[in-house]
Amino acid sequence: MINDTHPLADGVHLRPTALDDAESFAEALTRSRAYMRRWEPVRPDSFYTPEGQAQRLTGLLADRDAGRAMSWVLAGEDDRVIGSMTLASIERGPFRNARLGYWIDVGHAGRGLATTAVTRVCELARDGLGLHRIAAGTVLDNVASQRVLAKCGFELYGTAPRYLHINGAWQDHRMFQRILHDGPPEG
């Protein structure tokens, strides 16, 4: 289930991230760089190259193999990256929690793909990973992302002052969570 491909919309599917996606990630992130600047850390130019993405993906896949993260690609008809969903900082035991991060390529934003993908990732987190809670944060002016989270059943639970260094400054974030189930921790 976690490692399956899941159709999301006409010509768009969700599948696990692979190292072979490095070039496609570099293209999509370069294309969306100016659009996402307000919501992302300042990154060196090397981040936007296939080599930079291969390095990032190697670390992400190592975290996946260690059970600390899970990452999916939103892929178009040609299987090229048009977005990404990541559960990071996965914790087991009594917490059963992860942090959600996501983005959609500028050419595909505003079509409901983020809402559909976040909904599916929440299902996979609950049914495939046995997580109880997913947390997410957005900079205060990222209203579109806040709407996605609200549509997907996340609730606002507070504001974290100077939470992350985004776009060259420490930014306050609105903090959201979604409780996936109230059963006891599995395993």
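In this predicted model, buried residues account for 45% of the 187 residues in the protein chain. The chain holds 4 helices and 8 strands. The points below begin with the chain as a whole, turn to a pair of helices, and end with individual residues.

**Overall form**

- Read from the N terminus, the order of the elements is β-β-α-α-β-β-β-α-β-α-β-β.
- The radius of gyration of the protein chain is 16 Å, which agrees with the value near 16 Å that a compact globule of 187 residues would have.
- Along the principal axes, the C-alpha atoms of the protein chain occupy a box of roughly 45 × 35 × 30 Å.

**Helices α1 and α2**

- Two packed helices are described by the angle between their axes and the distance between the axes.
- Helix α1 covers residues 22-36 and helix α2 covers residues 50-65; their axes come within 8 Å and cross at roughly 115°.
- Angles of 65 to 115 degrees count as roughly perpendicular, and α1 and α2 are therefore roughly perpendicular to each other.
- The crossing in which α1 passes α2 is right-handed.
- On the α1 side the contact is made by A22, E23, F25, A26 and L29, and on the α2 side by P50, Q53, A54, R56 and L57.
- By type, the residues of this contact between α1 and α2 comprise 7 nonpolar, 1 polar and 2 charged.

- S24 is a residue of helix α1.
- The relative accessible area of S24 is 4%, and S24 is therefore buried, since buried means under 20%.
- Leaving aside residues up to four places away in sequence, S24 touches R80 and V81.

- Most residues other than glycine have a negative phi.
- S89 is not a glycine, yet its phi is positive, at about 50°.
- The position of S89 is in strand β4, which spans residues 81-91.
- With a relative accessibility of 34%, S89 counts as partly exposed.
- R162 is likewise not a glycine and has a positive phi, of about 45°.
- Strand β7, spanning residues 155-166, contains R162.
- R162 counts as exposed, because its relative accessibility is 58% and exposed means over 50%.

- D141 belongs to the loop that lies between β6 (133-139) and α4.
- The relative accessibility of D141 is 46%, so D141 counts as partly exposed.
- D141 and R174 are 33 residues apart along the chain, and their C-alpha atoms are separated by 9.3 Å.
- A150 is located in helix α4, which runs over residues 143-151.
- A150 has a relative accessible area of 48% and is partly exposed.
- From A150 to F176 the sequence separation is 26 residues, while the C-alpha to C-alpha distance is 8.6 Å.

Methods: Residues numbered from 1 in each chain as written. Predicted model: local features only at pLDDT ≥ 70, side-chain atom pairs only at ≥ 80, totals over all residues. Heavy atoms only, no water. Axes fitted to C-alpha atoms, helices over the stretch in contact; angles between N-to-C directions. Helix = DSSP H or I, 4+ residues; strand = E, 2+ residues; numbered from the N terminus. Parallel < 35°, antiparallel > 145°, perpendicular 65-115°, else oblique. Left-handed = near helix turned anticlockwise from the far one by under 90°. Contact = heavy atoms within 4.5 Å. Nonpolar A, V, L, I, M, F, W, Y, C, P; charged D, E, K, R; others polar. Rg over C-alpha atoms; globule rule 2.2 N^0.38 Å. Buried < 20%, exposed > 50% of the residue type's maximum accessible area, 1.4 Å probe, protein only.
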